[in-house]
Amino acid sequence: MCSSDLLAVLGIDQFVNALTLGAIYALVALGYTMVYGIIELINFAHGDVFMVGSFVAMFISSSLLGAEGSITDLPVLAVSVLVLFAVTISVMALVGALIERLAYRPLRRAPKLAPLITAIGVSFILQNIIQFFFGPTIVSVPQLVPIEWSIQVAGSRVPLLNLFVIATSIALMFSLQLFISRTRTGRAMRTTSMDRDASSLMGVDINRTIMITFLIGSGLAGAAGVVHGLYYGNTTFSLGFESGLKAFTAAVLGGIGNTAGAALGGFLIAFVEVGASAFGYGRWGGAIVFSLLVIFLVFRPTGLLGSHTGDRA
């Protein structure tokens with residue numbers, strides 16, 4: 001089904017909503033697929049890294065920036081959003097590096113079950129830390145971009161906030177692809193994903209490469225936490241479980257270990273969920289998504305784009 005057919009079925013409003021939701025899923029899914037591409041670890045704590053990122057963004061916008069709601073002054077808004085992204089991404093990148101250094105690196109030569117269980121333990125640790133500081137209830141996040149700002153497209157009102165979320169996510173995904181394909185570190189990540197031992201013999205610093213992978217993946221999760229807060233205006237400690245599970249599903253659907261596939265899988269899941277709601281089957285959205293996952297695992301376990309070795313990182 002082409003984009004014009006989707007527009008006809010969903011309408012402009014739902015089409016933009018699906019793109020927005022898919023952009024968030026895609027950013028989180030990239031972290032899953034990058035880590036798996038390097039060390040073949042399904043990092044179940046990554047969804048909670050995204051959740052922590054949303055709380056970091058909330059704290060920065062409400063406490064450090066002093067925002068209580070939308071900012072209508074365009075220069076102030078631009079600076080505030082830039083600071084919010086820069087600080088949140090930096091903090092979450094450091095959190096990801098810390099998790100890798102303390103939880104995963106000591107288990108690198110251990111049986112695969114050990115780091116998998118450790119990832120689940122890290123997930124619970126992050127959830128409990130957030131509950132300790134912010135409680136178990138839903139927490140409001142200042143929506144810095146005014147939700148009333150919009151443009152008219154084909155007779156429908158499209159909020160600029162949605163376009164901002166989509167554009168930001170696509171820009172980050174495109175930047176990641178350029179980094180992986182054009183930089184020396186990106187080449188090191190690709191060679192490490194192909195053969196870690198051979199890469200080490202060729203002079204690649206494996207520990208550094210893996211840490212950078214966690215830095216980038218967690219930073220992208222932090223960016224996803226920012227756009228989630230700006231779009232929904234709230235967050236909660238349980239956010240990471242459901243969103244992380246869908247992001248992991250997106251990575252599998254697109255081709256686990258394939259960055260472009262993970263992004264494509266995120267958008268696919270979003271369109272399935274929004275499409276189900278548009279046809280009155282919103283309660284069945286999750287069931288349809290995971291049924292799709294089972295079908296792919298049975299008939300095409302490598303995903304939509306497969307796990308191309310050259311693209312894994």
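The model is predicted: local features need pLDDT of at least 70, side-chain atom pairs count only at pLDDT 80 or more, and totals for chains, interfaces and linings use all residues. Residues are numbered from 1 along each chain as its sequence is written, and side-chain values use heavy atoms, with hydrogens and water left out.

I then listed the contacts of Leu 144 (heavy atoms within 4.5 Å). Beyond its neighbours within four places in sequence, Leu 144 is in contact with residues including Ser 61, Ile 71, Leu 84 and Leu 230.

I turned to the fold and counted 11 helices and four strands, which are DSSP runs (H or I, at least four residues; E, at least two) numbered from the N terminus. I noted that the C-alpha trace spans about 60 × 45 × 35 Å along its principal axes. Of the 313 residues, 50% count as buried. Among contacts between residues at least 6 apart in sequence, 79% join residues at least 24 apart.

Notes:
Buried < 20%, exposed > 50% of the residue type's maximum accessible area, 1.4 Å probe, protein only.
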